[in-house]
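Welcome! Try each one before reading its solution.

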Amino acid sequence: MDNNKPSQPDNEEEVKNSMTAERETTEQETTILPEMQEEENQQHSSEVQPQVVKGKKSVVWMAISGVLAAALIVVLVYPPFGGGRESVASVNGSDISKDELYNELVSLGGESTLNSMITMKLIDQEAAKANVSVTEQDVNAEIETLKTQYGGEEGLNTALSQSGMTMDSLKKNTEVQVKIRKILEPKTTVKDEDISAYYKENKATFSTPEQVRASHILVKTKEEADEIKKQLDEGADFATLAKEKSTDTGSAANGGDLGFFGEGEMVEAFEKAAFSMKNDEISEPIKSDYGYHIIKRTDYKEATNPTEEDKKEDIRNILVDQQVGELSTNWLSELRSKAKIVNTLEPEDESTDAAAASTTDTESSAKE
């Protein structure tokens with residue numbers, strides 16, 4: 001659920017905007033995964049806004065933990081072919097050979113792909129030297145953390161879909177980042193005073209306000225709202241009616257669900273009703289500048305204000321991740337400079353410069 005907060009509508013066209021929103025992650029420092037940021041930039045100009053959310057606040061749509069941002073490496077193309085004139089396709093009797101296909105793949109990104117593969121090989125070699133391995137359990141633990149940050153599995157899947165990624169690609173990237181962290185973590189130092197200082201500086205980010213979760217059905221007139229309320233009183237399913245009747249197409253697709261929100265995020269009339277209700281209670285029609293809402297409150301979270309001791313291990317992990325990110329830049333550069341690398345896709349006199357440039361590119365996401 002986004003906490004972008006648009007202004008009150010000035011005309012009927014704004015009432016057709018979506019209600020769905022994504023919430024900003026505040027429990028730990030985050031950095032944007034490059035693929036996800038690119039997708040956000042492409043969508044930002046056309047993103048529709050929710051219909052009861054007030055005000056406006058800039059947010060990062062896709063954020064990810066420092067662990068996964070340590071040194072993102074994405075291999076775009078894997079040229080799997082050796083040389084050869086063996087046909088891999090034909091067009092009206094004219095063959096396309098393996099050589100032609102391979103050369104085309106190289107021209108479309110072969111150098112950057114090969115440099116990424118070289119870096120991956122170096123990381124694997126260092127992991128073997130350090131007796132480091134990454135288990136499925138390690139990867140799944142990181143994925144579970146992300147699910148929590150995005151409000152559950154559905155939220156994470158939606159975020160991945162909008163970024164053009166899949167769960168499989170996320171897991172592969174996660175495996176690399178966990179491997180780097182395990183290699184470099186012994187070189188980090190986090191003292192108790194560092195944890196205390198971080199807690200004091202970021203105390204507000206660890207607290208969460210009282211929140212409710214609600215669904216709604218939005219219609220234009222009081223008559224429509226009264227008729228829908230009557231159907232609900234007679235046993236009709238709320239989610240089904242939201243999908244069929246709600247003019248808020250964004251939330252309607254999710255059965256009217258708006259996710260969790262705190263005070264000050266929704267228009268006053270809507271928010272006042274939602275916070276005064278009990279779970280599973282359905283309101284009478286509530287008028288706002290957007291139309292008439294029928295609200296169903298579905299969940300509630302009390303405000304939290306964790307102590308330093310409560311968040312000690314979380315903060316330690318954050319600080320370790322920060323140091324790993326800082327260390328990884330020089331570490332990868334040193335690996336490449338000391339390694340004997342033969343790269344036939346680059347001229348010999350340019351190999352060192354190109355390798356250094358590739359390393360810088362793959363490490364860019366490690367920098368805050």
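**Exercise 1. Which residues does I315 touch, not counting residues up to four places away in sequence?**

Solution. This is a predicted model, so we work from its computed coordinates. Step one: leaving out residues up to four places away in sequence, I315 touches I195, Y198, Y199 and F206. Step two: look at the setting of I315. The largest nonpolar core has 22 residues, and I315 is one of those that touch the most other members, together with I123, I180, I183 and W331. Step three: ask where this core comes from. Helix 3 (110–129), helix 6 (167–184), helix 7 (192–206) and helix 12 (308–338) each supply at least two of its residues. Helix 12 gives the largest share, with 8 residues. A second, separate core has 15 residues, including V212, A274, Y290 and I295.

**Exercise 2. At what angle do the axes of helix 7 and helix 12 cross?**

Solution. Start with the axes: those of helix 7 and helix 12 come within 9 Å and cross at roughly 105 degrees. Next, classify the angle. Values of 65 to 115 degrees count as roughly perpendicular, so helix 7 is roughly perpendicular to helix 12. Finally, find the residues that meet. Among them are D192, I195, Y198 and F206 in helix 7, and E308, K311, I315 and L319 in helix 12.

**Exercise 3. Find which residues of helix 4 are buried, and work out how they are arranged around its axis.**

Solution. First, check the length. Helix 4 covers residues 136–149, and at 1.5 Å a residue its 14 residues should span 20 Å. The C-alpha atoms at its ends are 20 Å apart, which agrees. Second, list the buried residues: V139, E142, I143, L146, K147 and Q149. Third, look down the axis of helix 4: these buried residues fall within an arc of 160 degrees, so they line one face of the helix. After helix 4 comes G151, with a positive phi near 75 degrees.

**Exercise 4. N92 and D280 have a positive phi in a residue other than glycine. Is each of them buried or exposed?**

Solution. Take N92 first. Its phi is near 50 degrees, and N92 is found in the loop between strand 3 (87–91) and strand 4 (94–97). The relative accessible area of N92 is 82%, so this residue is exposed. Now take D280, with a phi near 75 degrees. D280 has its place in the loop between helix 11 (268–276) and strand 7 (286–288). Its relative accessibility is 55%; exposed means over 50%, so D280 counts as exposed.

**Exercise 5. Is G255 buried or exposed, and which residues does G255 touch?**

Solution. Locate G255 in the loop between helix 10 (249–252) and strand 6 (257–262). With 5% relative accessibility, G255 counts as buried. Not counting residues up to four places away in sequence, G255 touches S215, F238, A239, A242 and K243.

**Exercise 6. How many helices and strands does the protein have?**

Solution. Count the elements: there are 13 helices and 8 strands. Then consider burial: 43% of the 368 residues count as buried.

Terms used
Residues numbered from 1 in each chain as written. Predicted model: local features only at pLDDT ≥ 70, side-chain atom pairs only at ≥ 80, totals over all residues. Heavy atoms only, no water. Core = buried A, V, L, I, M, F, W, Y, C linked by side-chain atoms within 4.5 Å. Buried < 20%, exposed > 50% of the residue type's maximum accessible area, 1.4 Å probe, protein only. Helix = DSSP H or I, 4+ residues; strand = E, 2+ residues; numbered from the N terminus. Contact = heavy atoms within 4.5 Å. Expected span 1.5 Å × (residues − 1). Arc of directions from axis to C-beta. Axes fitted to C-alpha atoms, helices over the stretch in contact; angles between N-to-C directions. Parallel < 35°, antiparallel > 145°, perpendicular 65-115°, else oblique.
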